[in-house]
Amino acid sequence: MSDHLTGMTRSREVPARTHSGYTLLLAFPALIVFVGVNVVTGGFGLGNILLFVVCILLPVVAMVLIGFGFYMVQPNQGAVITLFGDYRGTDRKEGLRWVLPWMMRKKVSVRAHNIHSERIKINDLRGNPIDIACNVVWRVRDTAQAVFDVDDYDEFVEIQIEAALRTVGARHPYDDMSDEDETTLRGSADVINAELQTELNERLSAAGIVVDEAGLTHLAYASEIAGAMLRRQQAEAVIAARAKLVMGAVTMVQMALDKLSAEDVIELDDERRAAMVSNLMVVLCGEREVNPIVNTGSLYQ
């Protein structure tokens, strides 16, 4: 999905300027001790309002502000920092962190996500209805794009997975029905999976998301044509088995005739050779057990 299609300027992730929270955490005991000492030793009257503000009120306000500025960043997590709607960067440093309390922090997971799509019905290249589903492993690469360029990147991923699955499924036939079918959904899993991953990466780049792995998990003809297609596959299997059986029988008959001729077991003219070939083909290609018939006469009678 290119920029001229989206019609908007894409965001770009930049590092945020934040501070370690552990250093500022040490300020809490110091401020508490400072306020406690001033409360115990100070006799604040009406004439010492300025001293009260400096020694008591300001330290308390400082503790409150410091406390609201703390946040945690887990491993493989980012915190998107904004100031009054202005993007200030993403903090990916792990541990206790701190920023000014009026800066907003939005946590974004950059871990790998695994999603299994629902089974959907689509039409393949020949228009046959098929049921198809896939599994996708994805992660957020650019947190700024994921937060600011799409409304809900989780929902965006689910919708684009279905769209990509329909697009890739419509480019190829389910099975090879002619010599021109070089790539099929059933027989070219590696090609289809790579094509699906490429399609998803193009679609999800607008949200700063990258797909690490994609593959079909379910592929079948739709129920309304499954019976007809099963009969077609069974017929093709029978034809292929018959063809292999006939080729083997022809080879065995040729070997038998050559052996008989080479060892002068019997001399066969064309008519006897034809009869022997016919009998051997019946024996080798027949599905039922052969019952031999003893001929006491002559071949020509």
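Colleague: Why is Asp 86 called partly exposed?

Modeller: In this predicted model, Asp 86 has a relative accessibility of 38%. Buried would need under 20% and exposed over 50%, so Asp 86 counts as partly exposed.

Colleague: What makes Asp 86 and Arg 88 a salt bridge?

Modeller: Their side chains meet at 3.7 Å, N to O. The cut-off is 4 Å between a side-chain nitrogen of Lys or Arg and a carboxyl oxygen of Asp or Glu, so the pair qualifies. Arg 88, at 42% relative accessibility, is partly exposed.

Colleague: How many salt bridges are there in the whole structure?

Modeller: The search finds nine. One of them joins the side chains of Arg 92 and Glu 13, with 2.9 Å from N to O. Arg 92 sits in the loop between strand E4 (86–91) and strand E5 (95–98), and Glu 13 in the loop between H1 and E1, so the pair ties together parts 79 residues apart in sequence.

Colleague: Why is Glu 199 called buried?

Modeller: The relative accessible area of Glu 199 is 10%, and the limit for buried is under 20%. Glu 199 therefore counts as buried. Glu 199 forms a salt bridge with Arg 171, the closest N and O atoms being 3.0 Å apart. This pair links distant parts of the chain, with Glu 199 in helix H7 and Arg 171 in helix H6, 28 residues apart. Arg 171 is partly exposed at 37% relative accessibility. Salt bridges with shared partners join Arg 171, Glu 195, Glu 199 and Arg 203 into one network.

Colleague: What makes the side chains of Thr 18 and Asp 91 a polar contact?

Modeller: The distance between them is 3.1 Å, and the limit for a pair of N or O atoms is 3.5 Å. The side chain of Thr 18 also makes a polar contact of 2.9 Å with the side chain of Arg 97. Thr 18 lies in the loop between helix H1 (3–6) and strand E1 (19–20).

Colleague: Is Thr 18 buried or exposed?

Modeller: Thr 18 is buried, with a relative accessible area of 13%. Leaving out residues up to four places away in sequence, Thr 18 touches Tyr 71, Ile 81, Asp 91, Arg 97, Trp 98 and Val 99.

Colleague: Which residues have the most contacts inside the largest nonpolar core?

Modeller: That core has 33 residues, and those with the most contacts inside it are Val 136, Trp 138, Val 140, Tyr 153, Leu 196, Leu 200 and Ile 209. Helix H6 (153–171) and helix H7 (189–204) are among the elements that give two or more residues to this core. H6 supplies the largest share, seven residues. Apart from this core lies another, of eight residues, including Tyr 71 and Ile 81.

Colleague: How do you know that Leu 65 is partly exposed?

Modeller: Leu 65 has 38% relative accessibility, which lies between the limits of 20% and 50%. Leu 65 is in helix H4 (residues 49–68). With Val 61, Phe 84, Leu 100 and Trp 102, Leu 65 forms a nonpolar patch on the surface, with about 510 Å² of accessible area together.

How values were computed: Residues numbered from 1 in each chain as written. Predicted model: local features only at pLDDT ≥ 70, side-chain atom pairs only at ≥ 80, totals over all residues. Heavy atoms only, no water. Core = buried A, V, L, I, M, F, W, Y, C linked by side-chain atoms within 4.5 Å. Buried < 20%, exposed > 50% of the residue type's maximum accessible area, 1.4 Å probe, protein only. Helix = DSSP H or I, 4+ residues; strand = E, 2+ residues; numbered from the N terminus. Patch = residues over 30% accessible without salt bridge, like charges linked within 9 Å, V, L, I, M, F, W, Y side chains within 5 Å. Areas by Shrake-Rupley, 256 points an atom, 1.4 Å probe, with all protein chains shown as cover. Polar contact = N/O pair within 3.5 Å; in protein donor to acceptor, adjacent residues only side chain to side chain. Contact = heavy atoms within 4.5 Å.
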